[in-house]
Number of protein chains: 2
Amino acid sequence: MESLLKAAGRLPLNVKFFIEGEEEIGSPRMIPFIKKHRQQLRADLSLICDGSFFAPERPALVTALRGMVYTEVEVHGADRDLHSGIFGGAAPNPLEGLARIIAGLKDRKSRVTIPRYYAPVQPPGEAERSSWNQLGFRDEAYLEDLGVEVAPGEEGYSILERRWARPTLEIHGIAGGYTGPGAKTVIPARATAKISMRLVTDQRPQAVLRAFTRKVQRLTPPGFRVEVRQLGSGAPLALSPDAPALRHAARALQEVFGRPPVFMREGGTVPVAAEFMNVLQAPPVLMGFGLPDDNLHSPNEKFHLPNFYRGIETVIRFMELLGEG
Amino acid sequence: MESLLKAAGRLPLNVKFFIEGEEEIGSPRMIPFIKKHRQQLRADLSLICDGSFFAPERPALVTALRGMVYTEVEVHGADRDLHSGIFGGAAPNPLEGLARIIAGLKDRKSRVTIPRYYAPVQPPGEAERSSWNQLGFRDEAYLEDLGVEVAPGEEGYSILERRWARPTLEIHGIAGGYTGPGAKTVIPARATAKISMRLVTDQRPQAVLRAFTRKVQRLTPPGFRVEVRQLGSGAPLALSPDAPALRHAARALQEVFGRPPVFMREGGTVPVAAEFMNVLQAPPVLMGFGLPDDNLHSPNEKFHLPNFYRGIETVIRFMELLGEG
């Protein structure tokens, strides 16, 4: 920014910086902040440089992000831990109750059983779908990378569709009873599971949370009491690849990297991106410069330095193109 | 013993002491020890003073103990933890796989689905069943004590039958994924559950373990790998209330406490008792002097002192009666 200002004497457009430090915990304070300061933050578009290339030398622009509702489900049985010798077979076991609830949340085709869960889901358009077919994504390479023979998931959809365009439901942790070494014959008084749903347009997090809570209550067997707590949420986002901001971004990427970007989706959630869209009506351009082998959030995380410098050039070029209109 | 020896000059029978210090961990070394020293340990019967009265002032003799197979089931998915945004919907989630396995281990009537699981089970005789009806056991008091409205378990059997005469399957702990405070969007690489089965005659622990393992493998969805490990086992025990040793024990209890004992079963497992029976052919007399409110294995555990002294008298009287033949 400063170099552009020095070189050109002036910027081709007005710029507001917005620094987000809590994305990894679901931006709980950021979203009310945006709502409160919507006048001050007004903008024609937003640029978020969080994301990756589709492959080395294949820049990408993200047209959709999944939203999320993250919950904790707690199942209660007896009012104290019990000995399975004395009470086994004639007492509620919350771990079993929880397992039955979880098993009931999907059917045999791995479809989520929450009523009307899929009803608002918009399928990707033909253009988007056909562009995915040209990405060179190979199921075999994906499975080999994970070290599995099949990738369980919703029947009737490709792996890429399930990751980018379908909502899902995942269990992130279960706690309850004795989990140390060896044997302990306890029937615990309670058990908890962390369960999240990734959402796609036009699913609304709060409506999904309510429907999920009702479904969990219905799946709870007699003899148990259940609580559902929300631990986080974020709306899904979808943009048209034809939006002017994305066309300018695509041109900037092509000029700097020598190849047109692919239009892809991401399965993850960046809550602030949906808020830029929904609250500020500022379409977010998600232009990331990471590489798929950067080991994001893992040991030995790295950043490819050539992408760092060419990323700066790309952002400069993007601003120039925007300024030219 | 010493007081009887001093008072009477001689004991009415030969006595061998056998001190067990690992009952709470399933007697892993005790059972091979008994097998190895079976000649030296030979006896006509064994007396185990581990157990409780049925109610205050209601002494009891135990005619059956449940056996047990205790296992750990480990489900593996991908070869590393995954991010649910990137991979959710298109990767094996071991916590979900485990939940589906657990849910599949019982049917809608809470019957264990392991093939032929119930085939060897001997129902209690008429005499035993009618004596239970006279115990004054009240379902309402039991439910109130646990703080629950219903006691989930195998359909078609009373609470007492389910605790004393029916085999069962309980989950003692599940570990996997993130269980700390807040949200983490991990799909863990593996998840484990501790699962035990309480067995009744004539179920054999090793046969049950094999059938359980096969069932777990069949219930494992595609995309997962499963391991079943045995963490402990003990055979079930059942005695006839008409056995001479039990008749003498009943008479001794009646003389000292002024009331005939009730014949009851216990749902727990005392592995060494079954070994006394099966290896030494020495029927174990389970004559305990605890009270139901002793808070066994819990904070503020106690022992009722009058039962301690009257227990000594009872054992002396038992030996005298045995000596008289």
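**Exercise 1. Is A:Tyr309 buried or exposed?**

*Solution.* The model considered here is predicted.
Step 1: locate the residue. A:Tyr309 belongs to helix α11 of chain A, which spans residues 305-324.
Step 2: apply the cut-off. A residue is called exposed when its relative accessible area is over 50%. A:Tyr309 has a relative accessible area of 53%, and therefore counts as exposed.
Step 3: examine the surroundings. A:Tyr309 forms a nonpolar surface patch with A:Phe303, A:Leu305, A:Phe308 and A:Ile312, and this patch covers about 520 Å².

**Exercise 2. Determine how chain B is related to chain A, and describe their contact.**

*Solution.* 
Step 1: compare the surfaces used. The same surface serves both copies, since 100% of the contact residues of chain B recur in chain A.
Step 2: find the residue at the axis. In chain B, the C-alpha atom of B:Ala99 comes closest to the rotation axis, at 2.2 Å.
Step 3: Chain B contributes 71 residues and chain A contributes 71 residues. Between them about 5300 Å² is buried, with carbon and sulfur atoms giving 55% of this area. On the side of chain B, the most area is lost by B:Leu146, B:His172 and B:Ile174, which together account for 11% of what that side buries.

**Exercise 3. Identify salt bridges that cross the interface of chain B and chain A.**

*Solution.* 
Step 1: count. Four salt bridges are found across this interface, and the count over all chains is 42.
Step 2: inspect individual pairs. One of them joins B:Glu96 to A:Lys106, with an N to O distance of 2.9 Å. In another, the closest N and O atoms of B:Arg80 and A:Asp145 are 2.9 Å apart.
Step 3: B:Arg80 lies in the loop between β3 and β4 of chain B, whereas A:Asp145 lies in helix α6 of chain A.
Step 4: B:Arg80 is partly exposed at 32%, and A:Asp145 is partly exposed at 39%.

**Exercise 4. How far apart in helix α11 of chain A are A:Arg317 and A:Glu320?**

*Solution.* 
Step 1: count along the helix. The two residues are three residues apart, so about one helical turn separates A:Arg317 from A:Glu320.
Step 2: check the side chains. A:Arg317 and A:Glu320 form a salt bridge of 2.8 Å, N to O.
Step 3: compare accessibility. A:Arg317 is buried at 18%, whereas A:Glu320 is partly exposed at 28%.

Technical notes: Residues are numbered from 1 along each chain as its sequence is written. Chains are lettered from A and ligands numbered from 1 in the order in which they are written. This is a predicted model: local features need pLDDT of at least 70, side-chain atom pairs count only at pLDDT 80 or more; totals for chains, interfaces and linings use all residues. Side-chain values use heavy atoms; hydrogens and water are left out. Patches are made of residues with over 30% relative accessible area and no salt bridge: like charges are joined within 9 Å, nonpolar side chains (Val, Leu, Ile, Met, Phe, Trp, Tyr) within 5 Å. Accessible areas come from the Shrake-Rupley method with a 1.4 Å probe; for residues, only the protein chains shown count as cover. A salt bridge is a side-chain nitrogen of Lys or Arg within 4 Å of a carboxyl oxygen of Asp or Glu. Helices (H or I, at least four residues) and strands (E, at least two) are DSSP runs, numbered from the N terminus. Buried means under 20% relative accessible area, exposed over 50%, partly exposed in between (1.4 Å probe, protein chains only). Copies are superposed by least squares on the C-alpha atoms of residues with pLDDT of at least 70 in both. Contact means heavy atoms within 4.5 Å. Buried area is the accessible area (1.4 Å probe) that two parts lose on being put together, summed over both.
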